[in-house]
Amino acid sequence: MKKNILKLFKKMLRIRMIEERISSNYKLQMMRCPVHLSIGQESIAVAICENLKDQDLLVTAHRSHAHYLGKGGNLKKMIAELHGKENGVAGGLGGSMHLLDLKKNIMAAVPIVGSTIAIGVGLAWANKLQGKKDITVIFFGDGATEEGIFLESLDFASLHNLRILFVCEDNKFSVNTPINQRQNPKRNLCKLSEGIGIKSYKLKDHDLMKVFLKSKKIINYIKNVSRPSLLDIDTYRYLEHCGPNSDDYLNYRNPKEVKKWKKNCQIEKYQNLLFKQKSTKLNDIKKSINKEIDNAFKYAYAGKKPKKIILENLIIKK
Ligand SMILES: Cc1ncc(C[n+]2csc(CCOP(=O)(O)OP(=O)(O)O)c2C)c(N)n1
């Protein structure tokens, strides 16, 4: 078990360190696309992706880095994409909000809020028609559940017994607007989804192992019974909605709430559990991650700018 926890911890730490580097390098103005960082939310992507097979499909939205990396997306090509380079995952034309890696079945990241929910349902429907047993995981935020397409997608998935795990990362904000200014207090996402016939679960904590164990059970259910499920998890982003900085000075979030979630930092929690203070093993892990990140940035810097847009070259082949 400890070996398993260590493996998941390393994945979380790697995502945190990659995003921290993106954040600190952003001021160099070499990355010119908007970035929506997942710092604070990494445990969900890592825990759920650990229960997926390479063949299982994944779609995500604008806050895509943790999902992409959790499913094994290519780091060098991701960093090159953020730098608008030809050797990036989308030829440098998409940026942070359009990550994909078809070798790992990371099918799309799309920033039109709610859009990838329907795209994911379409992919699962195609899989079903082809007799494939793989599941599709769709990651989205609490804001996306307010789009009409969300309920339409759930309805279609339920009607056609699609093998889908819908994952809502409920970080309580859509940009700077809190959930209580957007939704009736009686609105209950799991009840809404259950009303459409989809088994739904709420986790009020994004604890790494809790999410891992819960999603393992749910994914087994989806595979065995061929039905969709929904998992709604409370979580928190540490930085601004879009960009590399903190925006706590804006005071749209209660400082007590921010403090409470930072105290529940999953990296710190599992670091304390796994390592003694000043652990050389932890330092070695960090050194090796830093080396990998250095290499990814070198790869991005070495890439060429895309010359001109030729539409047929945009069709990305596996
Ligand atoms: C259809 C649509 N409406 C509005 C926007 C502007 N927008 C971008 S991100 C975002 C907030 C989405 O919140 P949520 O789904 O909870 O994801 P989070 O940013 O919290 O991860 C909004 C409103 C958009 N991109 N697409």
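User: Let's say a residue is buried if 20 or more other C-beta atoms lie within 10 Å of its own. Is Ser64 buried or exposed?

Analyst: Keep in mind that this is a predicted model. Ser64 has 29 other C-beta atoms within 10 Å, so Ser64 is buried.

User: Thanks! Where does Ser64 sit?

Analyst: You'll find Ser64 in the loop between strand E1 (57-60) and helix H3 (65-70).

User: And which residues is Ser64 in contact with, leaving aside its neighbours within four places in sequence?

Analyst: Met97, Leu99 and Ala109 are in contact with Ser64, once those sequence neighbours are set aside. As for Met107, it lies 43 residues along the chain from Ser64, and their C-alpha atoms are separated by 12 Å.

User: Okay, on to helices. How many residues of H2 are buried?

Analyst: Helix H2 covers residues 42-50, and eight of its nine residues are buried, so H2 is largely enclosed by the rest of the structure. The buried residues in H2 are Glu42, Ser43, Ile44, Ala45, Val46, Ala47, Ile48 and Cys49.

User: What about H4, how many of its residues are buried?

Analyst: Eight of the eight residues in helix H4 (residues 75-82) are buried, and the helix is mostly covered. In H4, the buried residues are Leu75, Lys76, Lys77, Met78, Ile79, Ala80, Glu81 and Leu82.

User: So what do the buried residues of H4 pack against?

Analyst: They pack against H1, H3 and H11. Just after H4 comes Gly84, which takes a positive phi of about 65 degrees.

User: H1 came up there. At what angle do H1 and H11 pack?

Analyst: Helix H11 spans residues 280-302, and H1 packs with it at an angle of about 50 degrees, their axes being 10 Å apart. The two helices are therefore oblique to each other. H1 passes H11 in a right-handed crossing.

User: Which residues make that contact?

Analyst: From H1 there are Lys10, Leu13, Arg14, Met17, Ile18 and Arg21, and from H11 there are Ile285, Ile289, Asn290 and Ile293. By class, the contact of H1 with H11 has six nonpolar, one polar and three charged residues.

User: Nice. And how do H1 and H10 pack?

Analyst: H1 (residues 2-25) and helix H10 (residues 266-274) pack at an angle of about 140 degrees, with 10 Å between their axes. An angle over 145 degrees would count as roughly antiparallel. H1 and H10 are therefore oblique to each other. Here H1 passes H10 in a left-handed crossing.

User: Which side chains' residues are involved on each helix?

Analyst: H1 brings Ile5, Leu6, Phe9, Met12, Leu13 and Arg16 to the contact, while H10 brings Gln266, Ile267, Tyr270 and Leu274. Sorted by class, the contact of H1 with H10 has eight nonpolar, one polar and one charged residues.

User: Switching topic: which residues around the ligand come nearest?

Analyst: Val113, Gly141, Gly143, Ala144 and Ser174 come nearest, out of 15 residues around the ligand. Strand E3 (136-141) and strand E5 (173-174) are the elements that give two or more residues to that shell.

User: What is the shell like by class?

Analyst: The shell around the ligand has seven nonpolar, six polar and two charged residues.

User: Back to backbone angles. What is phi of Asn161?

Analyst: Phi of Asn161 is near 50 degrees, which is a positive value in a residue other than glycine. Asn161 lies in the loop between helix H6 (148-159) and strand E4 (164-170). With 14 C-beta neighbours inside 10 Å, Asn161 counts as partly exposed.

User: And what is phi of Ser226?

Analyst: Phi of Ser226 is near 55 degrees, again a positive value in a residue other than glycine. Ser226 is in the loop between helix H8 (208-225) and strand E8 (229-234). Ser226 has 14 other C-beta atoms within 10 Å, so it is partly exposed.

User: Last one: where is Glu194?

Analyst: Glu194 is in helix H7 (residues 189-195). Glu194 counts as partly exposed because it has 14 C-beta neighbours inside 10 Å. Glu194 and Leu230 are 36 residues apart in sequence, and 8.8 Å apart in space from C-alpha to C-alpha.

Methods: Residues numbered from 1 in each chain as written. Predicted model: local features only at pLDDT ≥ 70, side-chain atom pairs only at ≥ 80, totals over all residues. Axes fitted to C-alpha atoms, helices over the stretch in contact; angles between N-to-C directions. Helix = DSSP H or I, 4+ residues; strand = E, 2+ residues; numbered from the N terminus. Parallel < 35°, antiparallel > 145°, perpendicular 65-115°, else oblique. Left-handed = near helix turned anticlockwise from the far one by under 90°. Contact = placed C-beta atoms within 7 Å. Nonpolar A, V, L, I, M, F, W, Y, C, P; charged D, E, K, R; others polar. Near = placed C-beta within 6 Å. Buried ≥ 20, exposed ≤ 12 C-beta atoms within 10 Å, placed from the backbone.
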